Protein chains: 2
Amino acid sequence: MWLGDDTAVLRLDRCGGGRLLLATDAVVAGLDADLALTSLADLGWKALAVNVSDVAAMGGRPLHAVVTVIGAGLAQLRQLYEGIVQAATHFGCPVVGGDLSGGEGLSVSVAVTGWCDGQPVLRSGARPGDRIWVTGALGAANAGLRALQARGTASLAPDEEALVLAHARPRPVVAAGTAAREAGATAMVDVSDGLLSDLGHIADRSGVGFHLADVPVAPGATLEDALAGGDDYVLVFTVSDGTAPGPAFRAHGLSEPVALGYCLPDPTQRLLQGDAVDARGWQHRLG
Amino acid sequence: MWLGDDTAVLRLDRCGGGRLLLATDAVVAGLDADLALTSLADLGWKALAVNVSDVAAMGGRPLHAVVTVIGAGLAQLRQLYEGIVQAATHFGCPVVGGDLSGGEGLSVSVAVTGWCDGQPVLRSGARPGDRIWVTGALGAANAGLRALQARGTASLAPDEEALVLAHARPRPVVAAGTAAREAGATAMVDVSDGLLSDLGHIADRSGVGFHLADVPVAPGATLEDALAGGDDYVLVFTVSDGTAPGPAFRAHGLSEPVALGYCLPDPTQRLLQGDAVDARGWQHRLG
């Protein structure tokens, strides 16, 4: 029903060459977050962050947020709001309005406006031969979730705390999205559902396959976390062969992106080091 | 937590003197609408319409909508979507994105962007002596709800069908909001919760009282419907004494607004033909 990119691109008259962006995403307690493992403040942070990430994945920057909370009592609302405001401050995306309502179940819907000075990067622009890059290592958030599920917050090892933080307080990379756009990204997506799933969106919309030669795995995470775990909120983007995105990233004071592989002409070919993969991992492991 | 006007006013660089507006509102099945009396298509229409009305109440026009649906099955989604698209078409406010999620309870959150060519009209600008106007008669929606509750859709009298339609398919008055702004409105609000409640928002925010000399009651409705019934989505606005809003309305091909009364310097004085009223009606009827 609402397919395509997660963020809408809108042209406003009298606003020069830029574009207004508009993203919306909801988080539902019990579904997007287990409240036994996630605080309401973390849920609030995440509700805002996932929308900021959608704007970042276009090469835009967030401007403002409106928030609708359904089914929260006053004490719950205070905790949610704490995380929402922390995220709004962190991402420079003030909450300018909202709505509170009763209802069964607790959910937070956020809509974020953004601005893109140039042409926003869609999912549909990748071409065969384009190189695939990622803005950082993958899998930390899923490894953190596994640690929480195994041991809860009380008995985490010190090296697990950074992983849990990656899960609980995802940090979309707005400047990296701008750098990728300025570097000439032909397509871009944020990794919310997992690398293979989200890169699959670029492949589906662009009509290309892909070959992944190498996947940077975050310390403490497994390759499985990196391929199929969600909530990393790094950005995966494509550029035409011969384009080096590093200088644009350095110009923003960012570390350089990591090469993942390249796009293939056959949209049915989705390969990791020569093996077929689907959104959940290696195909030969399935069934 | 999110007080003030229902719509945020945003200034975008490089966009001339206009203002971007951003409104969000949710409708929750069972709370904002009784699904025994309201179709899901009507619920979808309403979810969009209430946001359009918030933009209209600033003197703006709607641009785009994003929609988040939580807890709807596929068949329910189809029906909801039918009403959402009908409203989007009617109000010229296309749905440009959205999110679907599982969850307990069915709710629809909508965020709408709007544009205002001039200075948006807030709730806080009414001054003592300002005249109070309304863009149309009041009470039809509540009378329609009463008819539905009493008899259901099957056995409505012919003259009740228009009232039920006013309840089921509210029609925000976007052009009237623009006309009121152009006429120099000092404050404006849409009647979603009831005249006395919503005019109370202007009074609260502006620090004025009010005296209502006359209230236009829709055919088939009672004075009680007009004062305390919600969902009429007419606009109530104030203009300085001596300003006649009629010409601006005629210039838009609209019928003229109706004079309701005037603002008082004492914010505790809220009077209907000399009697004290509160948001629910006459104060002496309460307790």
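Trainee: How are α3(B) and α4(B) oriented to each other, parallel or perpendicular?
Mentor: Roughly perpendicular. This is a predicted model, and in it helix α3 (residues 140-151) of chain B and helix α4 (residues 158-168) of chain B pack at an angle of about 110°. Angles from 65 to 115 degrees count as roughly perpendicular, hence the label.

Trainee: And how far apart are their axes?
Mentor: The axes of α3(B) and α4(B) are 7 Å apart.

Trainee: Which residues make the contact?
Mentor: From α3(B), they include Ala140(B), Gly144(B) and Leu148(B). From α4(B), Glu160(B), Leu163(B) and His167(B) are among them. The residues of this contact divide into 10 nonpolar, 2 polar and 1 charged.

Trainee: Switching to the sheet. What is the strand order?
Mentor: In chain B the order is β1-β2-β5-β3-β4, in an open sheet of 5 strands with mixed pairing.

Trainee: Which strands stand at the edges?
Mentor: β1 (7-10) and β4 (95-101) of chain B. Each has a single partner strand, so one side of each is left without a neighbour in the sheet. From one strand to the next, the twist averages 15°.

Trainee: Is β4(B) buried or exposed, then?
Mentor: Of its 7 residues, 5 are buried, so β4(B) is largely enclosed by the rest of the structure.

Trainee: How does β4(B) run relative to β3(B), parallel or antiparallel?
Mentor: Parallel, with 6 bridges joining β3(B) to β4(B). One example is Thr68(B), whose bridge partner in β4(B) is Asp99(B). Between the two strands the chain passes through helix α2 (residues 74-91) of chain B, and this β-α-β crossover is right-handed.

Trainee: What about β3 and β5 of chain B, parallel or antiparallel?
Mentor: Antiparallel: strand β3 (residues 61-70) and strand β5 (residues 107-116) of chain B pair over 9 bridges. There, Val67(B) has Val110(B) of β5(B) as its bridge partner.

Trainee: Which strands does helix α1 of chain B touch?
Mentor: Helix α1 (residues 40-56) of chain B packs on the sheet and touches β1, β2 (19-28), β3 and β5 of chain B. The direction of α1 makes about 145° with that of β2(B).

Trainee: Last topic, the two chains. How many residues does each put into the contact?
Mentor: Chain B gives 38 residues and chain A gives 38 residues.

Trainee: Where does the largest share on the chain B side come from?
Mentor: From β2(B), with 6 residues. By class, the side of chain B that touches chain A has 18 nonpolar, 16 polar and 4 charged residues.

Definitions and conventions
Residues numbered from 1 in each chain as written. Chains lettered and ligands numbered in written order. Predicted model: local features only at pLDDT ≥ 70, side-chain atom pairs only at ≥ 80, totals over all residues. Axes fitted to C-alpha atoms, helices over the stretch in contact; angles between N-to-C directions. Helix = DSSP H or I, 4+ residues; strand = E, 2+ residues; numbered from the N terminus. Parallel < 35°, antiparallel > 145°, perpendicular 65-115°, else oblique. Contact = placed C-beta atoms within 7 Å. Nonpolar A, V, L, I, M, F, W, Y, C, P; charged D, E, K, R; others polar. Pairing = 2+ DSSP bridges. Buried ≥ 20, exposed ≤ 12 C-beta atoms within 10 Å, placed from the backbone. Right-handed = clockwise from strand over helix to strand, strands pointing away.
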